[in-house]
Each structure stands twice: as C-alpha cells, then as structure tokens.
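Visitor: I would like to look closely at a single part of this protein and then see how that part sits within the whole. Could you take me through it with some care?

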Amino acid sequence: MVRGCKDGDVNIPDGEPPMTTPHTPVLTWRDGTLLRDGRPHRMLAGSVHYFRVHPAQWEDRLRRLAAMGANTVDTYVPWNFHERVEGEPDFAQWRDVERFVLLAGEIGLDVFLRPSPYICAEWSNGGIPFWLSGRTRALRTSDPAFLAAVDAWYDALIPRLAPLQAAHGGPVVAVQVENEYGSFGSDAAYLAHLRDGLRARGIVELLTTADGTTADMVAHGGVDGAMGSFTFGTGVDRAVALRRGGEALLCAELWGGWFDHWGERHHVRSAESMMPTVDALLAAGGSLSLYMAHGGTNFGLWNGANHDGVLQPTVTSYDSDAPISEDGSLNAKFHALRAALARFHEGELPPIPEPPRRQAAGEAPLERRRSVLDLVEALPAALLSPIPRTFEELGAEDGIVAYEADVSFPAEASLAIDGLHDRAVVFLDGVRLGTLARDREETLPLPAEGGTGRLTILVESLGRINYGSRTGEGKGILRGVRIGRRLVHGWTHRTLPQDAPEVAPAPATAPAPVVADRGGVGIAVFDRGEDEIADAWLAFPGGVRGMVWLNGFLLGRYDARGPQVTLYAPEPLWRAGRNELRVLDADGLGATVQIREEPELGPAEEFIGS
C-alpha cells in the first residue's frame, strides 16, 4: 500500500527503507490535484530529446519550448547511447545529460527525467544496449542477469542525476520508473526493483509510471510509490476514469504527431485535431507533456523499427510533425499551444526566437570513387567460423557486415538465407545476384550451369526493434545460408565501421570489380564562406538506399521508397571552406547531391497515434 498521498507526505511504499535525509518532493498530489510545494500546479511539459538534437542547438530548442508556454521539459535517457561498450559509460559532449538538465534549469524550465532501462521512443532497441540483448532474452524482467546489468548502469547514471534534483536546488522535479510496461509484461518484482534502486541511489523527487488508457495496462504497469500517468492521442475521459486512489491527472505523452516508417506516408496531426484533446485535459485539471514538442533527428543509425508481420524501420527524421519542427521552425500547433498555455503563467511568456537560417539551394556532383566491394575487401577479416555469426557475436552494433565463403553449387541451384535480419545484397565473384529481405520466403537463383565461386553477402541492419515482444532481436544471419537443402560452411566476416568510408580510389593496379549495378561510395564537396554556414536540407536524386556522412558525421539514411526525401544537416556540422559529403549506397549511387531550401518529408496523411 502507498503511504498517504497528502500534501507533505512522501509517496513511497510501506516497508521501504527510510531515506537518509527525509525530503518532501517538490511535486506531490492530493485529491486528484498535482501540488508544487503544497500549492496547486500544472506540469506543462514538452518532450525534447537531447540525444536527437546537436548539443550546440540545445539552448535554442529549449528556449523555443519555453516560448511555447511549457514550464517543464521531459527527456528520456537512452542507455545504449551512453554505454555502447559494456562497462564504458560515456557522459561527455553529446552525451552530457547533466549539461542539458542544467541548461534547462537556467532557462527556467523544470525537468521530468525518464531514465528507464527501456524507453521505446522509436529508438534503436528501445534504448537497451545490443551487447545486453545479445546475451539474454529476459529483457525488462527480474531475471538476475538483466537486473545486474541495470544496476551497474544505474550505479553510473543515477549519481549524476540525483544532485540535479529540486531537493538540492536543481531543476529535476520528477523521475519515471519504467515506460509503458503495462503493454509489455507483468513482472511486478522488476518494477519494484527499479523503484527501490532509484530511491536507494538518492532519487527523492516524485516517481511516476506511464501507461496506455486500458485497465489492464494500468494494472500491470503501475507500482506502489509511483504516481501513474498516461500516454494517449485522445481519450481524456478514459484516463480520468482509470486514475488510482486520487492521483493527479498527468498525460506523460500527449501525442500531437507521429513518427514515420520507410515506405509509408508522412504522418501529421493538425492543430484542429490536437487542441480539443489538450483543452479537454486542461479543463479536467490535468497536466501534460506533449510528445513530441520538438522531435529532432535519428542521427547515425539510431532509428528503431516496429514489426507488424514485416519489419518497419523508422525513418531518419523524427520531426513527428511537432510544434517545433526538426530545424526549429514553428508551425500552427506551436502558436495554438502558446495561446492555450499562456493563461497558466503569471507573467508574459518568453519572446519567440527568430526563425532558423537555411542555406540557399545548390547542387554538387557526387563522384563515384569506388565500389562497395572495393570498400569491403580493404577491411580486415574479423572472424573465421564454420557458421555465419550474428552482429552481436561480432560486436557490431549496427550497419553492415560482409559475410564471405567459397561455394560450389550444382546446375539450377538457388540460395536462401535462414534468419536474415534484415536485408542482404548477394554477390558471386563480384557479380551482383540480387537482394534478399527479412520476412519474405525468397531464394536467389545461382548461375544455371553450376560451378564454384566466392560468395559475398552484405547484410544491413535496418533498425533494431524498439517496441513489443520482439525488442532485442539479433541482427545479421541468425541461422544459416543454404544452397538448396545444404548449408554453407566456412565463413569470414568483415564489419563496416560507422566511420565515414574511405573514398580514395582503388589502386590502379587492382583489377576493377565487375558489378551489375551503379552502387558504390561517392563524394560531393560544398565550399562555404563564414556567412553561408547555416542549416541545410540534403537530397540525393537517383540514390536508392544509402548512408550519408557530413564532415565525418553520420547524418543517417535515405531511402528512395520515402516518404522522407531530404536529410537535415544542422548548422553546427558545417564549416567555413570545404565541406565533404560521403555517400555509401550499395544499390544505386546518384549523380548529384542537392541542397534544398525546404524540407521534403513526403506525402502526408492525418494520423492520431493509438
């Protein structure tokens, strides 16, 4: 049972060890009302993820959030972003979550932290490190191996966050225990372990959980000592009815937009659709966090994926049709929210910042420097194994792994990959045979006359699943490669690093590889003066499916399927003088790179998350 949730009480469960220094959280609740230092309060928050925004732009985006009328910023803390190598957590530069929190406080915003081991967020693997999901299937449970890894992570993270709480003069006023657990599992001991671990490491402010608006989700996602909250696009009445024990009404994710998958349409939600839900929530005395207030970008290969019969990778943009767009532009929803939230502030809202600057339209040739196979063959062979190894076994977080084996095959034979995650481009002696994809019962015909040759399979991870029971699935070739019924044995592996690929042409003495497509590695150059450095929107006409680096930084992926056409290249990544774009496209390298004056995120459809 929960000890009294009256003003002045600490919301912790009976039997929990007392805190070393008793403290009343800044935020409490009583009789359905959220209180701040004992007085009625509204949390007017918006989600801004520091890991999706260049650090040089954190302040700009937070000031735009404050100008929208928010008094709080909420952010997840993605475990895998900070601990890419087990035992080596990183909190420097882009990963300096403490600086982001303190900057929010300087601007006058409270901070709602969501440091769950799992975050969903359309982020790779839901935030769980690939090295952990590669060795245990018992994710988000009280399995001792999983909890031991969580505890080690909390030992690194929480001591950095605890001093930033309001109890110590910082801006952190609330901390989330887990994220939408009621739609995933039913391990009450796991939730209790997380709650107790936060308290034991010094978290004294309000604890929360977040779940959808069904009784089953609330029952399995809640934990004593943490105030429940909700995630929805519509349905304030359902949330009101599902509140437990007089808890305050908080929508921890009010979906004002939605994310996109490759091959679908661009999802938008109009102000006319969103504002009735906002108004109804505020009229019911509720608090909110708009998801997303500013979406940002899935830079690098951090995009997640869903699975609904087939893999559905999330696009590079995480604009989410948010009020503060990917480059900081403001739309109709921003102004509607500013008008609605202004009445909850005693004084004038901060002024609206100036619009972001953009580069003028332009174009540069994309010079094809070498084939993808040239690039692969220049890499060291990582492992010789009888069977193809998974990405996790090779220590490959994401990207591309080349699998190579010498094969013989009879006439009229075909090749199949069992357990392919996610997409393969297949070559025999340098000649491209075709592609295979996950979730399809496909085979590739080998040369009809039969023979022998060197088989090269480039397997690309298109995004680790971030939601549901498939979260944590491996990447690469999970079972084997067959010619007919017979398995192929004797594999070497080469892992393409996520660094910008080498673009020097292959040595003149090397034989030119025979390839049946126009794919390869290319380079484009844009020269810029000091006054020309600004945000840019990049397009790759003629490209099929590629990765793009700007001055050595991996912007993300493009895909001719759309809906996203342009990639956001923020101002801090540009420099005066030479700016170099490198493109790797195994399917069809285009002839130019374009700078567009406006983003093109694809044909839109009105959509409300469910």
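Visitor: Which residues of α9 are buried?

Guide: In this predicted model, the buried residues of α9 are Ala 271, Ser 273, Met 274, Met 275, Thr 277, Val 278, Leu 281 and Leu 282. An α-helix has 3.6 residues a turn, so residues three or four places apart point the same way. Just after α9, Gly 285 adopts a positive phi of about 85°.

The chain around this helix has 610 residues, of which 61% count as buried, and it contains twelve helices and 35 strands. Its radius of gyration is 25 Å, which agrees with the value near 25 Å for a compact globule with 610 residues, while the C-alpha trace spans about 80 × 55 × 40 Å along its principal axes. Among contacts between residues at least 6 apart in sequence, 77% join residues at least 24 apart.

Arg 64 is buried, with a relative accessible area of 2%, whereas Asp 60, at 25%, counts as partly exposed.

Another salt bridge joins Glu 598 and Arg 358, again at 2.7 Å, N to O. Glu 598 lies in the loop between β34 and β35 and Arg 358 in the loop between α10 and β15, so this pair ties together parts that are 240 residues apart in sequence. A third, between Arg 464 and Asp 398, has an N to O distance of 3.6 Å; it links strand β24 with the loop between α12 and β18, 66 residues apart, and both Arg 464 and Asp 398 are buried.

Asp 211, in strand β8 (residues 206–211), is also buried yet has no salt bridge, the nearest side chain of opposite charge being that of Arg 140, 7.1 Å away. The side chain of Asp 211 instead reaches the backbone nitrogen of Tyr 181 at 3.3 Å, and beyond its neighbours within four places in sequence, Asp 211 is in contact with residues including Glu 180, Ser 183, Met 217 and Phe 230.

Conventions:
Residues are numbered from 1 along each chain as its sequence is written. This is a predicted model: local features need pLDDT of at least 70, side-chain atom pairs count only at pLDDT 80 or more; totals for chains, interfaces and linings use all residues. Side-chain values use heavy atoms; hydrogens and water are left out. Helices (H or I, at least four residues) and strands (E, at least two) are DSSP runs, numbered from the N terminus. Buried means under 20% relative accessible area, exposed over 50%, partly exposed in between (1.4 Å probe, protein chains only). Lys and Arg count as positive and Asp and Glu as negative; His and the chain ends are not counted. A salt bridge is a side-chain nitrogen of Lys or Arg within 4 Å of a carboxyl oxygen of Asp or Glu. A polar contact is a pair of N or O atoms within 3.5 Å; within protein, one must be able to donate a hydrogen and the other to accept it, and residues adjacent in sequence count only if both atoms are side-chain atoms. Contact means heavy atoms within 4.5 Å. The radius of gyration is taken over C-alpha atoms; the globule rule is 2.2 Å times the number of residues to the power 0.38.
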